[in-house]
Amino acid sequence: MSLDQFESLLNLLHEPILICSKDKKITYVNYAAATFFQISPRMLRSGLDLKHIFVLPGTEQSFNFDILDESLKTNDPQVSGEIHLALAKFPDISFFFVLKAFTSSSENNDKQVICFRDLTVEKNLYNKYKNQIKELEEGHAQIIQADKLATIGEMTASLSHEISNPLTIAAGNIEVALALLDPTPELSQIDIVTKCVRDANESLSVIGHILSDLKGFLHKSEEKREYVDLKILAQDIISLLGPEIRQNKVSLQPKFSDTEIVAFINPTKIRQVMMNLIKNAIDALAEVQPKEGRKIFLHLEKDQSLGHLFLKVVDNGPGIPEKSREQIFVPFYTTKKIGEGTGLGLPICQKIVTAFGGKIWPEETPGGGCTFIVQFPGIEVSAYSYNERYLSGLSDKQGIKILVINDEPQVLNVLNHMIGRQEDFVFIGSTSVADAEKIIEKFDVDIVLTDIKIPSRSGIEMAKSFSNNPQSPKFILMSGGVVEEEMKKIHGLKNVAGFLQKPFEESILIDTLRSALKGGRQS
Amino acid sequence: MAGNFQVKSQIEGKKINAELSGAINEDASLEQIPSGFEQYVFDFNNVNLINSCGIRDWIGLLDRLGSNVKITYKRCPQIIIEQINMVKGFIRPNTSIENFYAPYFDPEPDQEIKVLIKTSDIQNGKAPAMKNGKGEPLEFDAIEDQYFFFLKNK
């Protein structure tokens, strides 16, 4: 193919292509480049240098095409990262490109070819998309906050009643105590004064609890997720709704399963879901007077085979009318009277729950009433999908999956914090050996970090069960106690790569994990 | 950055004259150009940018207006002509270009000039001869085969 034929072919391409000499003088531009960079044949004839065409955006400083030097030096094609440049003619209009450069050598006549891949539109759209998503998230956060305030507004009457009772008691006791202390208390009265002060203190502490629960509920939600014991979270909400429940003569009974119910969620947001569902049930019950009394049951259960967690709010109210069932998750749809409901509670619940990979739906309660069921994925799946997604957004590296087994959510949170700071690590927490075993192969786990003693099965037994498996992850065992006897049991287990005596520092943990990846054993 | 896209329309019976200005990009709302007229005259004189999103939307607009309407482009700047040359679908059988800007170079003050020329002035794919105020000839500042490519496809 002659040079002319080659250049004619280049003219058919949509991508700008420049050909330069070794000293960066432009000798050819294809049609797309002439169009894009406003290079006329006249300019080309007059001896055009790359530095005459391209500058750093907003400046007169010429853009340095290091990629050409690299291509010449290595004689290999070179690809640049994303570069940002402008034309000398219009320094305020900038472009984003990825460049590919290669050198074509023939008889001492090196030609350097630069292909431009224009990313300007893609980059601008990406930035706009990111900004709009941010605005939507901010808007959504404001709606959630507004919903909380509306809920608090509705609760104000019962709360003020609940606060005024202990306040009256405290004030009365202090008055009595003051009277007894004036001018000098008799010894026989000291016991009464002490009791008055204690009662006043207790009443003030009740008010303190109410306000603390309120503060927890109103706390502006962050995106951060953590391992949370849903039973504790549910008890907080039951306590916060106490005044509302009593005022509406409703019996709210927790029915929690014996197993650990730990979720990987944002506690502030899930508090709001629980609050909305229970308040809806209270509102529904206010319309009726069932023979057996107004009842709400709060269930927390775990599906042992799939690992799903279930939160159920069961009431014996009137149920959801058939015509409303399709619309209950539509924003601003409400069956309540004007001023009594925003129509945002259930849509917000749905949005929060789905953001955690869960589902929410209503069912009829057998015997009458409504049951709202919220399903969350098991913590292992939840943490993996969340952390892996986060990693993918930051890096093109394959994540190293570290499964941590511990039955205490606080410990998982601390370890998640330490391990999560390593950009290439994907933290997967688990509270149960049975669930952990299921996901080791599913997610191709690299390292298992487990306590020697965990409920139901020991970490050593777990490592043993994988010891003959060529695909076994590396095990690192932890313990806070004396472990001499246990340590003997791990001799000969090739898949045990380390031991950590608690408490340990973050740097020791990370060193042990990295060493395990290299195949070493630390203790 | 290029300004917001605007359309100034003037209706003459079944004909609409639309003066376009600003950037034809992802933010440009081409919905403001109504369908239902028999003839459309688009004046591109004040269009300062068109990108791939804008081209996609423009082609969508032509699809919406239909093949039975008569469309005329006038005062097309160089950026529009270059896109017309590179993108299929910008010119349809029912579309004509009345006039457009072509790049010329005046060697005396060393100046690039955009000259408005009529499509009918292009004969045999050659740029019409132009002179500056002093009567000296201007040099056509592009490759004729490439710049007038759209006339071959017409």
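The structure is a predicted model, in which local features need pLDDT of at least 70, side-chain atom pairs count only at pLDDT 80 or more, and totals for chains, interfaces and linings use all residues. Residues are numbered from 1 along each chain as its sequence is written, while chains are lettered from A and ligands numbered from 1 in the order in which they are written. Helices (H or I, at least four residues) and strands (E, at least two) are DSSP runs, numbered from the N terminus.

**Where the chains meet**
- Eight residues from chain A and 13 residues from chain B make up the contact; two residues are in contact if their C-beta atoms, placed from the backbone, lie within 7 Å.
- On the chain A side, helix H2 (31-36), helix H3 (41-45) and helix H6 (120-181) each supply at least two residues.

**A pair of helices in chain A**
- The axes of H8(A) (residues 230-240) and H10(A) (residues 267-286) come within 10 Å and cross at roughly 50°. Axes are lines fitted to C-alpha atoms, for helices over the stretch in contact, and angles run from 0 to 180 degrees between N-to-C directions.
- H8(A) and H10(A) are therefore oblique to each other; angles under 35 degrees count as roughly parallel, over 145 as roughly antiparallel, 65 to 115 as roughly perpendicular and the rest as oblique.
- Among the residues that meet here are Leu233(A) and Ile237(A) in H8(A), and Ile270(A) and Met274(A) in H10(A).

**The antiparallel sheet**
- Seven strands of chain A form an open sheet in the order S3-S2-S1-S7-S6-S5-S4, with antiparallel pairing; two strands pair if DSSP finds at least two bridges between them.
- Strand S3 (48-49) and strand S4 (54-55) of chain A stand at the edges with a single partner strand each, so one side of each has no neighbour in the sheet.
- S4(A) is joined to S5(A) (residues 78-87) by two bridges, and Phe54(A) has Leu87(A) in S5(A) as its bridge partner.
- Helix H5 (residues 66-74) of chain A lies across S1, S5, S6 and S7 of chain A, running at about 5° to S6(A).

**The parallel sheet**
- Five strands of chain A form another open sheet, in the order S16-S15-S17-S20-S21, and its pairing is parallel.
- Its neighbouring strands are turned by 20° against each other on average, direction ignored.
- Five bridges join S20(A) (residues 474-479) to S21(A), where Gly498(A) is the bridge partner of Ile476(A).
- Helix H14 (residues 409-420) of chain A packs on this sheet, touching S15 and S16 of chain A, and its direction makes about 170° with that of S16(A).
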